[in-house]
Amino acid sequence: MRHGCTEKDFTRRGVAWLLWGIPAAALILGSFIAPVPRMLLWTPAFAVAGVACVVNAAHCGGVHCYVTGPLYLLAAIATLLAGMEFVPLRSIWIGGAVVGGTILAYVPEWVRGKYLARA
């Protein structure tokens with residue numbers, strides 16, 4: 001583990017509930033409502049979680065964040081485009097890709113460890 005990563009990792013701080021807990025609650029709530037309100041909940045939820053993961057990956061090197069950050073940002077874009085009916089994506093596909101991608105993002109952590117070593 002890189003020196004100081006535990007202290008820098010947002011997932012280990014009190015702000016984690018704000019960066020991932022509230023977005024997760026919005027995603028769950030959005031799963032049960034109509035497409036337009038779902039877009040209004042999911043787009044910012046995915047964007048906040050995605051930006052937090054990208055920053056966490058850059059700041060600390062959290063392995064899964066290198067996958068989940070871009071995944072969540074793409075999900076925010078896909079949700080917005082689907083909600084505005086620019087693309088024929090169903091929310092179940094977006095949600096399934098996010099859940100599956102998030103699970104797969106943790107596999108390298110189980111194999112290599114939680115943080116990437118940097119030279």
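User: Which hand does the crossing of H2 and H3 have?

Analyst: Welcome! In this predicted model, H2 and H3 cross in a left-handed way.

User: What makes H2 roughly antiparallel to H3?

Analyst: It comes down to the angle. The axes of helix H2 (residues 16-30) and H3 cross at roughly 150 degrees and come within 8 Å. Angles over 145 degrees count as roughly antiparallel, so H2 is roughly antiparallel to H3.

User: Which residues in H2 and H3 meet?

Analyst: On the H2 side they include Leu18, Leu19, Trp20 and Pro23. On the H3 side, Leu41, Ala45, Val48 and Cys53 are among them. Sorted by class, this contact has 15 nonpolar, 2 polar and 1 charged residues.

User: Why is Gly30 called buried?

Analyst: Gly30, in helix H2, has a relative accessibility of 0%. Buried means under 20%, so Gly30 counts as buried.

User: What is Gly30 in contact with, leaving aside its neighbours within four places in sequence?

Analyst: Gly30 is in contact with Arg38, Leu41 and Trp42.

User: What makes H3 and H5 roughly parallel to each other?

Analyst: The axes of helix H3 (residues 35-60) and H5 cross at roughly 25 degrees and come within 13 Å. Roughly parallel is the name for angles under 35 degrees, and therefore H3 and H5 are roughly parallel. H3 passes H5 in a left-handed crossing.

User: Which residues make the contact of H3 with H5?

Analyst: H3 brings Arg38, Trp42 and Phe46, while H5 brings Ser91, Ile94, Gly95 and Val98. By class, the residues of this contact divide into 4 nonpolar, 2 polar and 1 charged.

User: How many helices and strands does the secondary structure of the protein come to?

Analyst: There are 5 helices and 0 strands. Read from the N terminus on, the elements run α-α-α-α-α.

User: How do you know that Cys53 is in no disulfide?

Analyst: A search of the whole structure finds 0 disulfides. For Cys53, the nearest cysteine sulfur is that of Cys65, 4.1 Å away. A disulfide needs two cysteine sulfur atoms within 2.5 Å, so Cys53 is in no disulfide.

User: Are Cys53 and Cys60 buried or exposed?

Analyst: Cys53 has 2% relative accessibility and Cys60 has 0%. Buried means under 20%, so Cys53 counts as buried, and Cys60 counts as buried too.

User: What makes His64 a buried residue?

Analyst: His64 has its place in the loop between H3 and H4. Its relative accessibility is 7%, and the cut-off for buried is under 20%. His64 therefore counts as buried. Not counting residues up to four places away in sequence, His64 touches Ala105, Tyr106 and Glu109.

User: Why is Val67 called partly exposed?

Analyst: Val67 lies in helix H4 (residues 65-83), and its relative accessible area is 39%. Partly exposed sits between the buried limit, under 20%, and the exposed limit, over 50%, so Val67 is partly exposed.

User: Which residues is Val67 in contact with, leaving aside its neighbours within four places in sequence?

Analyst: Val67 is in contact with Gly101 and Ala105. Val67 and Gly50, 17 residues apart in sequence, are 9.6 Å apart in space, C-alpha to C-alpha.

User: Why is Glu85 called exposed?

Analyst: Glu85 lies in the loop between H4 and H5 and has 70% relative accessibility. Exposed means over 50%, so Glu85 counts as exposed. Glu85 also has a phi near 60 degrees, a positive value in a residue other than glycine.

User: What about Lys114: where is Lys114 found, and why is Lys114 called partly exposed?

Analyst: Lys114 is found in the segment after helix H5 (91-112). With 27% relative accessibility, Lys114 counts as partly exposed, because that term covers values between 20% and 50%. Lys114 is 53 residues from Gly61 in sequence, and their C-alpha atoms are 8.3 Å apart in space.

User: How much of the protein do buried residues make up?

Analyst: Buried residues make up 39% of the 119 residues. As for contacts with a separation of 6 or more, residues 24 or more positions apart account for 65% of them.

Note on methods:
Residues are numbered from 1 along each chain as its sequence is written. This is a predicted model: local features need pLDDT of at least 70, side-chain atom pairs count only at pLDDT 80 or more; totals for chains, interfaces and linings use all residues. Side-chain values use heavy atoms; hydrogens and water are left out. Helices (H or I, at least four residues) and strands (E, at least two) are DSSP runs, numbered from the N terminus. Buried means under 20% relative accessible area, exposed over 50%, partly exposed in between (1.4 Å probe, protein chains only). Axes are lines fitted to C-alpha atoms, for helices over the stretch in contact, and angles run from 0 to 180 degrees between N-to-C directions. Angles under 35 degrees count as roughly parallel, over 145 as roughly antiparallel, 65 to 115 as roughly perpendicular and the rest as oblique. A crossing is left-handed if the near helix is turned anticlockwise from the far one by less than a right angle, and right-handed if clockwise. Contact means heavy atoms within 4.5 Å. Ala, Val, Leu, Ile, Met, Phe, Trp, Tyr, Cys and Pro count as nonpolar, Asp, Glu, Lys and Arg as charged, and the others, Gly among them, as polar.
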